[in-house]
Amino acid sequence: MQIYMSPTVGIVTLFVGFIISAAIRAPFEARSKKVATIKNQRDELEVFLLVMMAVGLIVIPLVYALTDVFSFADHALPAAAYWIGVLFLIAYLWLFYRSHADLGTNWSVTLEIKNNHALITSGVYSRIRHPMYTSIYFYAIAQLLLFPNWIAGAASLLAFTLMYACRIAREERMMAETFGDTYTDYARKTKRLIPGLF
Ligand code: SAH
């Protein structure tokens, strides 16, 4: 029986999850690009946050996979961590898909209000206000469990926590300005990331 997980298996598993989610997003992105944007908050902060996300989700994992510059931060992970990581990756893919399907053309990479933007409060949005962000946290936890390295493992968790902390109040303010009481009522009835909790 294998006691420790192999780094290569963890790396390949996470990359497969990443590629599947890019394929999930592609058709939604193509559709929402066709809808005009009415309000756009793509400022320097948003661009900086997107660059940090690319570093945490793509650059650092690739450097970890292809070089040994982070080897000083290697640590051993039990084989069980691999399987829990796989479960988080599956949960990520499901919730990432569901939140794209529910948001439809209202989705955008940065903070935007689209032409005929509809406030979605159904599907996974009936339980929490930010299911896509919850799904990205699932991915970040999967990375922590699949990469036996402190730096590469924590990279997405740190990058996304920075993005979430800088973005969430602005996003909710933009939604409240656009949808008024309908949004504030919705916000009163739902939590942000974890149903009933947080
Ligand atoms: N924060 C959400 C959506 C992320 S995509 C989530 O985590 O699931 C970001 C865009 O989604 C924002 O520009 C905003 O215009 C839009 N958005 C966020 N919540 C929405 C909702 N409930 N209905 C419609 N659009 C929403």
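1. Helix 4 (131–146) and helix 5 (150–179) each contribute at least two residues to the shell around the ligand. Helices here are DSSP runs of H or I with at least four residues, numbered from the N terminus. The model is predicted: local features need pLDDT of at least 70 and side-chain atom pairs pLDDT 80 or more, while totals for chains, interfaces and linings use all residues. Residues are numbered from 1 along each chain as its sequence is written, and side-chain values use heavy atoms, with hydrogens and water left out.

2. The ligand is surrounded by 19 residues, the closest being E112, I120, Y125, H130 and E171; a residue is near the ligand if one of its heavy atoms lies within 4 Å of it. The shell divides into 12 nonpolar, five polar and two charged residues, where Tyr and Pro count as nonpolar, Gly as polar and Glu as charged, among others.

3. A polar side-chain atom of Y125 is 2.6 Å from a ligand oxygen atom. Backbone N or O atoms also take part: that of Y133 at 3.0 Å and that of P131 at 3.4 Å. The protein buries 99% of the 540 Å² that the ligand exposes when taken alone (Shrake-Rupley method, 1.4 Å probe).

4. Aromatic pairs (ring centres within 6.5 Å) number 13. Y92 and F96 form a tilted one, 5.2 Å centre to centre with 40 degrees between the planes; under 30 degrees would count as stacked and over 60 as edge-to-face. Both residues lie in helix 3 (residues 79–103), four residues apart, about one turn of the helix.

Conventions. A polar contact is a pair of N or O atoms within 3.5 Å; within protein, one must be able to donate a hydrogen and the other to accept it, and residues adjacent in sequence count only if both atoms are side-chain atoms. Rings of Phe, Tyr and Trp (its six-membered ring) pair if their centres lie within 6.5 Å; planes under 30 degrees apart count as stacked, over 60 as edge-to-face and the rest as tilted.
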